[in-house]
Amino acid sequence: MKKPINEIISTSLFLDEEINQPPPILTIDNKTIATEGNFITISGQPKSRKTTFAFFMIASGLLQKPIFNIELNLLADEKIILIDTEQSIFDFARQIKILKFTLKCKKLPSNFSAYLFRQYEPEQIVEAITVIMERDRPKILILDNLTELVINPNDIPESKKIIQFLKRITAQYNCCIITLLHNSKSTNNTLGNLGSYADRGAQSTLRATIDKETDIFTLEPVFMRSDAYFKPINVFYNKESNKYEQTETAPKKESKKFNVNNFDEADHINRIGAIFRTQKEISYTELVEEIKQIYGIGTNGAKQKIIPYLTGNNFLKSNKGIYTRITTK
């Protein structure tokens, strides 16, 4: 049922009152990743251990202690619900077995529930999530994988609708949502328009990668709205101790020549949106630093490749060294 427009306007009016920042629900290296009323994304290629990092977060919340510097801050009676849309019951049971081993328990805690919706259509899954949220009121909702909540991740209206759904339920139930997303194999950016909208709306965007030679898998920040970037976390499975362990040894990254054409228009709009989210204009020096962070490129690349491309293709315009965003794109 739609709200009357006057009610929407009334409830959306900003009141100039003192507002206290809510304590973080999820931190990594004491950096704020998520607070209530927000969602975050963990993206990566298939088999990059996105789900494993999500389970580290679950274990931290249930044990009420950090796991590899990842800390999910929950009260004992606050619930975690996991929605899995991809794994078979046999593969999922293996993940649960590892979780119970980490928790040192034979039965899962009563404040954790998981649902397997692999066989159902996107609209059925969304409807089920709506019912679960209203009935159980979890503090943490994990969606693995967000891509399965839409028919076509490149469809703009469908993608926009599902991101608005996330925003609505985080506000309505004062919870935090952790979404997992696939990356495109060609660009290594989040998949389609769904990924672009998710990146724009997320409080934090994290990326999971794996080094196939060393089997070290890494969680690193891509975009942090509420805090500084944390140092990437590197983890491997020790077959001798039969448990996951953290290592300071970072996997060797394959050297690839940066190509601005690997980013499509939606990717550029998403990244520019992140830069100008809290400001209407920016100096050249500040823009260079922002570009370096958002695109993962060095100073020369930002100056010689990205900024000329963005201005030449009408994403940005400058006036006496001050840059603004062109919003008609």
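Guide: Let's start with two helices. Ile156, Ser159, Lys160, Ile162, Ile163 and Lys167 of H5 meet Asn193, Leu194, Tyr197, Ala198 and Gly201 of H6. Please keep in mind that the model is predicted.

Visitor: What makes these residues of H5 and H6 a contact?

Guide: Contact requires heavy atoms within 4.5 Å. Residues such as Ile163 in H5 and Tyr197 in H6 are listed as meeting, so they belong to the contact under that cut-off. By class, the contact of H5 with H6 has six nonpolar, three polar and two charged residues.

Visitor: How are the axes of H5 and H6 placed?

Guide: Two packed helices are described by the angle between their axes and the distance between the axes. For H5 (residues 156–173) and H6 (residues 192–201), the axes come within 8 Å and cross at roughly 30°.

Visitor: On to the sheets. How do you know that S14 and S15 pair?

Guide: Pairing needs at least two bridges. S14 and S15 (residues 322–325) have four bridges in the antiparallel sense, so they count as paired. Lys317 stands opposite Thr324 in S15, and Asn319 has Ile322 of S15 as its bridge partner. The two strands form a hairpin with two residues between them, and Lys320 in the turn has a positive phi of about 55°.

Visitor: What is the order of the open sheet of three strands, and which strands stand at the edges?

Guide: The order is S13-S15-S14, with antiparallel pairing. S13 (281–283) and S14 (316–319) each have a single partner strand, so one side of each lacks a neighbour in the sheet, and these two are the edges. On average, neighbouring strands here are turned by 30° against each other, direction ignored. Helix H8 (residues 284–295) lies across S13, S14 and S15, at about 95° to S13.

Visitor: Why is the pairing in the open sheet of nine strands called mixed, and how do S3 and S9 pair?

Guide: Strands of a sheet pair either parallel or antiparallel. The nine strands run in the order S6-S5-S7-S8-S3-S9-S10-S11-S12, with mixed pairing. S3 (residues 38–44) and S9 pair in the parallel sense over three bridges, and Thr41 stands opposite Thr205 in S9.

Visitor: What makes S6 and S12 edge strands?

Guide: S6 (112–116) and S12 (243–246) each have a single partner strand, so one side of each is left without a neighbour in the sheet. The twist from one strand to the next averages 20°. Helix H3 (residues 89–103) lies across S5 (80–84), S6 and S12, running at about 165° to S6.

Visitor: Which residues are closest to its centre, and which element gives the largest share of the lining?

Guide: Of the 14 lining residues, Asp199, Thr205, Val222, Asn270 and Arg271 are the closest to the centre. S9 (204–211), S10 (216–224) and H7 (265–275) are the elements giving two or more residues to the lining, and H7 gives the largest share, three residues. The lining has four nonpolar, seven polar and three charged residues.

Methods
Residues numbered from 1 in each chain as written. Predicted model: local features only at pLDDT ≥ 70, side-chain atom pairs only at ≥ 80, totals over all residues. Heavy atoms only, no water. Axes fitted to C-alpha atoms, helices over the stretch in contact; angles between N-to-C directions. 1 Å grid on protein atoms, 1.4 Å probe; cavity = no way out; pocket = protein on both sides within 12 Å on 5 of 7 lines; lining within 4 Å. Nonpolar A, V, L, I, M, F, W, Y, C, P; charged D, E, K, R; others polar.
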